[in-house]
Amino acid sequence: MKKTVVMPVTVLLFLSLISTASTTLTRAVAQSIGPAQQLTVYIHSLQPDGNKVILTADEINWYEGAEADRVFAQREPEAAQEIGGAPDGYYIVNDSDTLTEYPLAENVDIKTQIFDHTGIPGDLDIIWNESVDLDTFLNKFGDTDVVDLSQFPYHITVQDGKVTAIVQQYIP
């Protein structure tokens, strides 16, 4: 006999992310893949390496709307039956334990949706696709006082094995 536990939606999503991401990590190095490829990832680290920066990423599957509801119901039928669709209209699947390292292109284009400009939580505001330079992004990525940028999914564009664009995915 199974018990159904009622949890707030955010706790359910958080536990779902933890359970799908809690595996032994391995590393791979990005290969030259030719034409531009879009990937959705969590960024684990951004590390300077000589005159370049290495982005270490964990690829995820990002679903929105009806597709999110369908995948959520398929993977978590009891929770889906209890709360309806995917929490907040999106669903993340992270079945891989592989981390991949990508060098950033010299002219990498970085766009954020929510970014800490002042260090004051009350000043946070959504600015859609705000351009941020690499040095500023690197400094703020390690600063988790107001916004922990590592907790957001990112859509990256990889061309010839290098990240040419990083776009932060807004999550409600």
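Is Ser-45 buried or exposed, and what is its relative accessible area? Ser-45 is buried, because its relative accessible area of 16% falls under the 20% cut-off. This serine is found in strand 2, which spans residues 37–49. Beyond residues up to four places away in sequence, Ser-45 touches Ile-54, Leu-55, Thr-56 and Phe-141.

The model described here is predicted. The mean pLDDT of the chain is 84, and 80% of its residues reach 70 or more. Over residues 1–27, however, pLDDT stays under 50. The model has 31 contacts beyond four places in sequence for that segment. Where pLDDT is low, predicted coordinates should not be read in detail.

Helix 2 (residues 65–75) has Ala-68, Val-71 and Phe-72 as its buried residues. They lie on the same side of helix 2, because the arc they cover around the axis is only 100 degrees. The exposed residues Ala-66 and Gln-74 are carried by the face of helix 2 that is turned away from the buried side.

Ala-86 lies in the loop between helix 3 (77–83) and strand 4 (90–93). With a relative accessibility of 9%, Ala-86 counts as buried. Neighbours within four places in sequence aside, its contacts are Ala-68, Asp-69, Phe-72 and Tyr-91. Two of these contacts, Ala-68 and Phe-72, are among the buried residues of helix 2. The C-alpha atoms of Ala-86 and Ala-66 are separated by 8.7 Å, and the two residues are 20 residues apart along the chain.

**Strand pairing**

Strand 8 (residues 162–168) pairs with strand 5 (residues 98–114) in the parallel sense, over four bridges. Within strand 8, Val-163 stands opposite Leu-104. Strand 8 also pairs with strand 7 (residues 153–159), here in the antiparallel sense and over six bridges. Ile-166 in strand 8 is the bridge partner of Ile-156. Strands 7 and 8 form a hairpin with two residues between them. Asp-160, in the turn of this hairpin, has a positive phi of about 55 degrees.

**Aromatic pairs**

The structure holds five aromatic pairs. Two of them are set out below.

| Pair | Distance between ring centres | Angle between planes | Arrangement |
|---|---|---|---|
| Trp-62 and Tyr-90 | 4.8 Å | 15 degrees | stacked |
| Trp-128 and Tyr-170 | 5.3 Å | 80 degrees | edge-to-face |

The pair of Trp-62 and Tyr-90 is stacked because its planes stand at 15 degrees, under the 30 degrees that the term requires. Trp-62 lies in strand 3 (residues 52–64) and Tyr-90 in strand 4, so this pair ties together parts that are 28 residues apart in sequence. Both Trp-62 and Tyr-90 are buried.

The pair of Trp-128 and Tyr-170 is edge-to-face because its planes stand at 80 degrees, over the 60 degrees set for that class. This pair links distant parts of the chain, 42 residues apart. Trp-128 belongs to strand 6 (residues 126–131), whereas Tyr-170 lies in the segment after strand 8. Trp-128 is exposed, with a relative accessible area of 55%, while Tyr-170 is partly exposed at 27%.

Ring pairs also link Phe-137, Phe-141 and Tyr-154 into a cluster. Phe-141, a member of that cluster, is one of the residues that Ser-45 touches.

Notes:
Residues are numbered from 1 along each chain as its sequence is written. This is a predicted model: local features need pLDDT of at least 70, side-chain atom pairs count only at pLDDT 80 or more; totals for chains, interfaces and linings use all residues. Side-chain values use heavy atoms; hydrogens and water are left out. Buried means under 20% relative accessible area, exposed over 50%, partly exposed in between (1.4 Å probe, protein chains only). Contact means heavy atoms within 4.5 Å. Two strands pair if DSSP finds at least two bridges between them. Rings of Phe, Tyr and Trp (its six-membered ring) pair if their centres lie within 6.5 Å; planes under 30 degrees apart count as stacked, over 60 as edge-to-face and the rest as tilted. pLDDT is the predictor's confidence in each residue, from 0 to 100. The arc is that of the directions from the helix axis to the C-beta atoms.
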